[in-house]
Each structure stands twice: as structure tokens, then as C-alpha cells.
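Hi there,

Here is the structure I promised to pass on. Could you open it next to this email and follow along?

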Amino acid sequence: MVYLAPLPTFYRIFKKKSTEGFQSIPYSVALFSAMLMLYYAFLKTNAFMLITINSVGCIIETSFLVMYIIYAPAKPRIYTAKLLVLFNVGVYGVIILSTYLIPNHFLRIKVVGWISVVFSVCVFAAPLSIMRLVIRTRSVEFMSFPLSFCLTLCAVMWFFYGLLVKDLFIAAPNILGFAFGLAQMIMYLMFKNSKKSILPEFSLNQIPNVVAVNDIVASDSQLKTKDTKKSSEAEENQSTESMTNDSRAGDAAAAEPNESIV
């Protein structure tokens with residue numbers, strides 16, 4: 001159920017041909033944890049259940065990551081590829097080689113078990129990056145509730161399984177897994193009905209457009225006032241010129257009778 005929980009998310013990615021705001025960290029960490037638990041199960045005896053579930057997990061998580069790389073933009077695609085090469089190839093290979101050199105078989109199992117505990121906790125903590133996005137945007141659009149719910153149930157069941165078979169390396173990480181899963185579900189219930197908020201950078205990008213429009217309107221009004229001033233000044237000049245011409249014509253008419261008398 002945990003491995004199949006992200007199916008709605010990847011159906012959405014396949015339908016829209018885009019990964020949108022979804023991240024690949026939870027799936028790459030889940031693949032790494034499944035690979036480690038598979039190695040731990042091979043070192044132990046009578047661990048058929050661990051081998052089967054983690055083999056299925058490796059196949060499913062690999063399929064998800066391949067689909068993510070296909071539909072992701074350039075930057076997330078490169079980041080995911082680097083993450084897979086670094087952890088799932090590099091670190092995993094170093095762990096196998098370094099633990100293989102331990103001569104004591106039981107000590108080797110204990111070391112691999114503790115490493116598996118650390119990365120099993122990372123599987124439960126991987127969605128914390130999505131929780132930060134939920135807090136910033138006040139939206140649970142990119143949080144997968146089925147994944148958080150199934151992780152919580154899985155943590156409870158595997159805790160009791162590890163307790164009953166007296167395997168600390170199976171029981172221990174699921175205590176924190178239950179706490180992380182519960183926190184994610186509480187956050188989902190808190191923000192599921194809230195409206196999607198626009199991040200500050202998007203609202204700030206609209207300011208230059210508004211300023212530009214205001215500048216255009218102001219410049220238009222200034223040009224109009226200049227035009228009206230010029231037209232009024234031209235009319236005043238024309239009226240003064242006409243008055244001057246009329247006065248000159250009157251003076252000339254008054255001077256003509258005097259000249260005839262002379």
C-alpha cells in the first residue's frame with residue numbers, strides 16, 4: 001500500500017505531462033531504503049517477507065522515478081539524476097563494499113541493520129520538504145495524503161512485527177515513522193480547506209506592470225495639459241494680434257480727414 005500510494009500523483013503527472021511542484025526526494029530515498037533492507041534481508045536468515053516486499057518496492061520506486069525523469073523540467077531532472085547516482089549507486093556501493101570486508105557475520109548484520117534504521121527514518125522524514133511548501137503556500141495541492149496515511153499504517157504494523165520477531169532494526173525506525181506520518185496527516189487536515197495563496201514573488205512581479213501603466217496614463221495627461229496650454233496661448237496671441245490690427249486701422253481712419261483738410 002505504501003509503494004502504490006503515489007499512483008494518483010503519477011497518474012496526474014502522466015496526464016498533464018508535467019511534474020508541476022512535486023519532488024523526487026521521497027521516491028529516491030524510498031528506493032534507497034528498500035535496497036538497503038533487501039541487502040539486510042539477504043544477510044539474515046529466514047527473512048523471506050523482507051525480501052519479497054523490498055523487491056517489489058525497488059521495482060515500483062524505479063518505475064516512479066523513471067516517469068518523473070521523463071516528465072520533469074531540466075533542472076529537477078538533473079537534480080534527480082544526480083541524487084540517484086550519488087545515493088542509489090555511489091553510497092549504496094560503498095556500503096556493500098565496506099560491510100563486505102567485515103569478517104564477523106553477526107557484526108556485519110548489525111552494522112547494515114543500523115544503516116538501514118537511519119535511512120528508514122529518512123524515508124519517513126523525506127516528505128518534510130513538502131510540509132515546508134504547505135506552510136509557505138497554505139495549500140496541500142502537492143502533498144499526497146494517501147502516501148502519508150499509508151506510511152503511518154505501515155509504521156504501526158512493522159513496529160509490532162519487529163517487536164514480535166524481536167528485531168530492533170525493524171521496530172525502531174517505525175516509532176519515528178509513526179510520529180512523522182501523524183504530523184503530515186494533521187497538517188493536511190489543517191490546510192485542506194484553505195484557499196491557494198500566491199507566493200510573494202508572484203505578486204511582486206505584477207508591480208512593474210502597474211507602475212508602467214500609471215506612468216503611461218500620467219504622461220498622457222501631461223501631454224494633454226501641454227496641448228491645452230499651447231492651444232490657449234495660441235488663441236490669446238491671435239486675439240491680441242487682432243486687437244492690435246483693429247487699433248491700427250482705427251488710427252489710420254482718423255488720420256485721413258485731417259490730411260484732406262490740410
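First, the ground rules. This is a predicted model, so local features need pLDDT of at least 70 and side-chain atom pairs count only at pLDDT 80 or more, while totals for chains, interfaces and linings use all residues. Residues are numbered from 1 along each chain as its sequence is written, and side-chain values use heavy atoms, with hydrogens and water left out.

**Helix pairs**

Helices are DSSP runs (H or I, at least four residues), numbered from the N terminus. Axes are lines fitted to C-alpha atoms over the stretch in contact, with angles from 0 to 180 degrees between N-to-C directions.

Let's begin with helix 1 (residues 7–16) and helix 3, which pack at about 30° with their axes 10 Å apart. They are therefore roughly parallel to each other (angles under 35 degrees count as roughly parallel, over 145 as roughly antiparallel, 65 to 115 as roughly perpendicular and the rest as oblique). Their crossing is left-handed (the near helix is turned anticlockwise from the far one by less than a right angle; clockwise would be right-handed). Leu7, Phe10, Ile13 and Phe14 of helix 1 meet Phe64, Met67, Tyr68 and Tyr71 of helix 3 (contact means heavy atoms within 4.5 Å). By class, this contact has eight nonpolar, no polar and no charged residues (Ala, Val, Leu, Ile, Met, Phe, Trp, Tyr, Cys and Pro count as nonpolar, Asp, Glu, Lys and Arg as charged, and the others, Gly among them, as polar).

The axes of helix 4 (residues 74–100) and helix 5 (residues 105–125) come within 10 Å and cross at roughly 155°, so these two helices are roughly antiparallel. Here the crossing is right-handed. Ile95, Thr99 and Tyr100 in helix 4 touch Arg108, Val111, Val112 and Ile115 in helix 5, a set of five nonpolar, one polar and one charged residues.

Helix 7 and helix 8 also cross at roughly 155°, with axes that come within 8 Å, which makes helix 7 roughly antiparallel to helix 8. The crossing of this pair is left-handed. The residues of their contact divide into 16 nonpolar, seven polar and no charged.

**The largest pocket**

The largest pocket has a volume of about 740 Å³ (the space filled by probe spheres set on grid points, which are joined across faces, edges and corners). A pocket is an open set of points on a 1 Å grid over the protein atoms alone, where a 1.4 Å probe fits, with protein on both sides within 12 Å along at least five of seven lines; lining residues have an atom within 4 Å of a point.

Of its 34 lining residues, Val2, Tyr3, Phe124, Cys154 and Trp158 lie nearest the centre. Helix 7 gives the most to the lining, with eight residues. By class, the lining has 29 nonpolar, four polar and one charged residues.

Best wishes
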